[in-house]
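Hi,

Here is the structure I promised to pass on.

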Amino acid sequence: MNLNPPLVIASGPGGSGEYLRLINPKYVGAYTLKTITLNPKPGNKTKRMENLENYIINSIGLENPGIEYVISNIDKFVLKETKTILSLGGDSKDEYIKIAEKIAPHAKKFEAIEFNFSCPNVKKGGLSILSDLNEWQEILENVRKILPDSFLMAKLSIEGNFVEILSRKVKEFGWNGLTLINCVRGLLIKDGKIVTGGLSGPILKPIALRAIYEVRKVLKDIYIIASGGIYTKKDVDDFLLVGTNAISIGSALFKDPQVVEELGKYLKGVKR
């Protein structure tokens with residue numbers, strides 16, 4: 001995948017392209033849409049987000065209109081301003097395979113297709129799909145067969161197994177890349193009540209760096225998009241140092257969308 005600059009808007013925070021009204025697409029290499037599942041999902045009950053000094057606890061729950069709506073309105077989901085990465089998910093092995101079959105006739109419209117195996121905020125699918133590794137490998141094998149020409153990305157977290165072991169399986173089944181990492185499960189006590197959700201923000205950076213470092217040690221030639229606490233030029237430098245191919249901007253969008261232009265300009269000038 002050739003992105004210029006190697007800067008990606010992360011699935012989830014960027015919605016379905018809404019932030020392109022606020023940022024210059026010249027500095028966006030690709031835009032990953034929010035994850036789409038086989039059936040529509042209403043998402044979790046509000047309040048879905050707690051924003052603290054160095055981290056965010058979110059519990060969106062993969063709210064989306066479902067794959068049939070996307071296919072019926074496919075031109076709205078293929079962004080004109082920049083390359084589009086489609087993100088797909090499911091509640092079960094069968095749903096991952098069915099959604100791959102449904103998108104197959106339209107797959108060439110997307111620069112890459114990312115499969116979300118790491119969402120911590122749903123009762124079925126997401127991160128829980130890794131509870132049965134044999135079944136997960138069946139997904140990898142079948143999706144590769146259904147989408148033989150697509151640039152396939154697996155979005156993983158650090159939960160479920162050692163990320164380098166999972167990444168090796170992704171490579172073994174012929175997938176092209178990884179998005180590392182997704183939110184990890186977090187918990188906040190607020191006004192004496194327990195709030196659970198996915199942990200993101202600057203606090204995630206050391207965890208994401210370590211994950212990419214471990215994966216790059218064992219996989220020299222797989223494409224890696226770094227995701228996790230990237231807010232500054234120093235963050236970009238650190239992720240490039242551990243072997244990242246592209247960086248992903250997620251929660252930083254909430255703080256200041258203009259960080260995209262700042263980091264995009266910087267990446268265009270970085271010699272690698």
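This is a predicted model: local features need pLDDT of at least 70, side-chain atom pairs count only at pLDDT 80 or more; totals for chains, interfaces and linings use all residues.

To start with the aromatics: which residues do ring pairs link into a cluster? They are Tyr96, Phe115, Phe117, Trp136 and Trp175. (Rings of Phe, Tyr and Trp, the last by its six-membered ring, pair if their centres lie within 6.5 Å; planes under 30 degrees apart are stacked, over 60 edge-to-face, and the rest tilted.)

Residues are numbered from 1 along each chain as its sequence is written, and side-chain values use heavy atoms, leaving out hydrogens and water.

Back to the rings: the whole structure has 8 aromatic pairs. In one of them, phenylalanine 117 and tryptophan 175 have ring centres 6.0 Å apart and planes at 45°, so the pair is tilted. Phenylalanine 117 sits in the loop between strand 6 (112-116) and helix 4 (133-146), and tryptophan 175 in the loop between helix 5 (163-172) and strand 8 (177-180), so the pair ties together parts 58 residues apart in sequence. (Helices, H or I with at least four residues, and strands, E with at least two, are DSSP runs numbered from the N terminus.) Both phenylalanine 117 and tryptophan 175 are buried, meaning under 20% relative accessible area, with exposed being over 50% and partly exposed in between (1.4 Å probe, protein chains only).

Phenylalanine 151 and tyrosine 223 make an edge-to-face pair, 5.8 Å centre to centre with 90° between the planes. Phenylalanine 151 is in the loop between helix 4 and strand 7 (152-156) and tyrosine 223 in strand 11 (residues 223-227), so this pair ties together parts 72 residues apart in sequence. Phenylalanine 151 is buried at 19% relative accessible area, and tyrosine 223 is buried at 12%.

Strand 9 is joined to strand 10 (residues 193-200) by 7 bridges, and lysine 190 stands opposite lysine 193 in strand 10.

Finally, lysine 98 lies in helix 3 (residues 93-103) and, at 44% relative accessibility, counts as partly exposed.

Cheers

Terms used:
Two strands pair if DSSP finds at least two bridges between them.
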